[in-house]
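Have a look at the structure first, then read on.

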Amino acid sequence: MAIDIGGTKIAGALVHPDGTMTATTRRATPRGVDAERVMAAVAEVVGDLSASPLWASAVRCGIGSAGPVDTSRGTVSPVNIGAWRDFPVQERVAAELKARGAGLPTVLAGDGVAMTAAEHWLGAARGHANALCMVVSTGVGGGLILNNRLHPGPTGNAGHIGHISVAFDGEPCVCGGRGCVESIASGTAIARWALDQGWTPSAGSGTGGPGAPRDATAAGVAASAAQGDPIALAAFDRAGRALAAAIAAAATLVETDIAVIGGGVAAAGDALFGPIRSHLAQYATLSFVQGLRVVPATLGTHAGLIGAAAAATMLSAPLPPVAASSPEA
């Protein structure tokens, strides 16, 4: 059983051992409401799942959530869900499951860690014993696979590469640090820097084509970069350099051989990956990281649910044997 909690949607699914999903459901994440109303939307998702014929076959529940998270306490304080601060989501979901006859082991994972579990199980990091996986979107998050094991750390935040400092005299970051990767390479930072340098979004620079509203987001910057706009190209080069420095630092520290990048900004394709790969050679110089590869994530919008299920499997204690006639979901 998988639940994926984000700033725009709360999704759920029953995930089979081969990664296929059934009984998928979702609700919009309530805005401008109190903590209980947000939890009510999660409860509705659980209620939808409980209507599936496979409900009784579920063996674990993985909860993937936007962060910050504290898995040692089972709490979340998502930046994009203002009503939840130190909200005990793991305990509350477990209670919802029990109320519907499913007293399952539950596991909480941050969205970056969940994405990492997903990409290692079925995606671009599959077959790699040591990997860094990243989400580059409104923020920059990530997670680590070390020796074929998910490594979330004591509070579930290991691998949070977005708050590695790569600019000694860089601008302040929302985390309180200075020169963090997120303050340079997030979608928000890319668009802000481009606008500050005089970039002007062109009409139809978003997905709507000519005549559509001007898109002043990172997607608009990417569209301009694809058309050769020098400021847009510079914005992505700057972001790519920051990401390359951070990826090389992480790889040097724990000897990963692949970095997988997903999230909305990764949709820019070569505008982002070209600069990362170009700059990587300046930072990944030691012999044991010179073969480091940087590749796009492959699971897209499914990574949250698949990752929640994968994290539940990778971080849970082994289950006792079950009868062969008992199907698993």
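## Salt bridges

A search of the whole structure turns up eight salt bridges, where a salt bridge is a side-chain nitrogen of Lys or Arg within 4 Å of a carboxyl oxygen of Asp or Glu. Before going further, some ground rules: this is a predicted model, with local features needing pLDDT of at least 70 and side-chain atom pairs counting only at pLDDT 80 or more, while totals for chains, interfaces and linings use all residues. Residues are numbered from 1 along each chain as its sequence is written, and side-chain values use heavy atoms, with hydrogens and water left out.

One of the salt bridges pairs arginine 73 with aspartate 86, with the closest N and O atoms 3.1 Å apart. This one links distant parts of the chain, 13 residues apart: arginine 73 sits in the loop between strand S5 (69–70) and strand S6 (75–76), and aspartate 86 in the loop between S6 and H2. Those labels are DSSP runs numbered from the N terminus, helices being H or I with at least four residues and strands E with at least two. Aspartate 86 counts as partly exposed because its relative accessibility is 44%; the scale is buried under 20% relative accessible area, exposed over 50% and partly exposed in between, using a 1.4 Å probe and protein chains only.

Then there's arginine 100 with glutamate 96, whose closest N and O atoms are 2.6 Å apart. Arginine 100 is partly exposed at 32%. Arginine 192 and glutamate 171 also meet through their side chains, at 3.2 Å from N to O. Since arginine 192 is in helix H5 (residues 187–196) and glutamate 171 is in the loop between strand S10 (149–150) and helix H4 (182–185), this pair ties together parts that are 21 residues apart in sequence. Both partners are partly exposed, arginine 192 at 34% and glutamate 171 at 35%. Finally, Arg27, Glu44 and Asp48 are linked in a network of salt bridges.

## The sheet and its helices

Five strands make up an open sheet with mixed pairing, in the order S3-S2-S1-S4-S7; strands pair if DSSP finds at least two bridges between them. Strand S3 (21–28) and strand S7 (106–110) are at the edges with a single partner strand each, so one side of each has no neighbour in the sheet. On average, neighbouring strands here are turned by 15° against each other, direction ignored.

S4 (residues 61–65) and S7 run parallel and are joined by five bridges. Within that pairing, leucine 108 in S7 is the bridge partner of isoleucine 63. Helix H2 (residues 89–99) packs on the sheet and touches S1, S4 and S7, with its direction at about 145° to that of S7. Helix H1 (residues 35–50) lies across strand S1 (2–5), strand S2 (9–15) and S3, running at about 155° to S3. Angles like these run from 0 to 180 degrees between N-to-C directions, with axes being lines fitted to C-alpha atoms, for helices over the stretch in contact.

## Where H6 meets H7

Helix H6 (residues 218–226) and helix H7 (residues 230–254) have axes that come within 7 Å and cross at roughly 115°. On the H6 side, Ala218, Val221, Ala222, Ser224 and Ala225 meet Ala232, Leu233, Ala235 and Phe236 in H7, contact meaning heavy atoms within 4.5 Å. The residues of this contact split into eight nonpolar, one polar and no charged. For that tally, Ala, Val, Leu, Ile, Met, Phe, Trp, Tyr, Cys and Pro count as nonpolar, Asp, Glu, Lys and Arg as charged, and the others, Gly among them, as polar.

Most residues other than glycine have a negative phi, and most peptide bonds are trans. Which two residues are joined by a cis peptide bond? They are glycine 67 and proline 68, with omega about 15°, and proline 68 lies in the loop between S4 and S5.Asparagine 148, in the loop between strand S9 (140–146) and S10, has a positive phi of about 65° although it is not a glycine. Glutamate 255 has a positive phi too, about 60°, and lies in the loop between H7 and strand S11 (258–262). Asparagine 148 is partly exposed at 45%, and glutamate 255 is partly exposed at 48%.

Asparagine 130, in the loop between helix H3 (111–122) and strand S8 (131–136), is buried at 18%. Leaving aside neighbours within four places in sequence, asparagine 130 is in contact with Ile145, Leu146, Asn147, Glu255, Thr256, Asp257 and Ile258.
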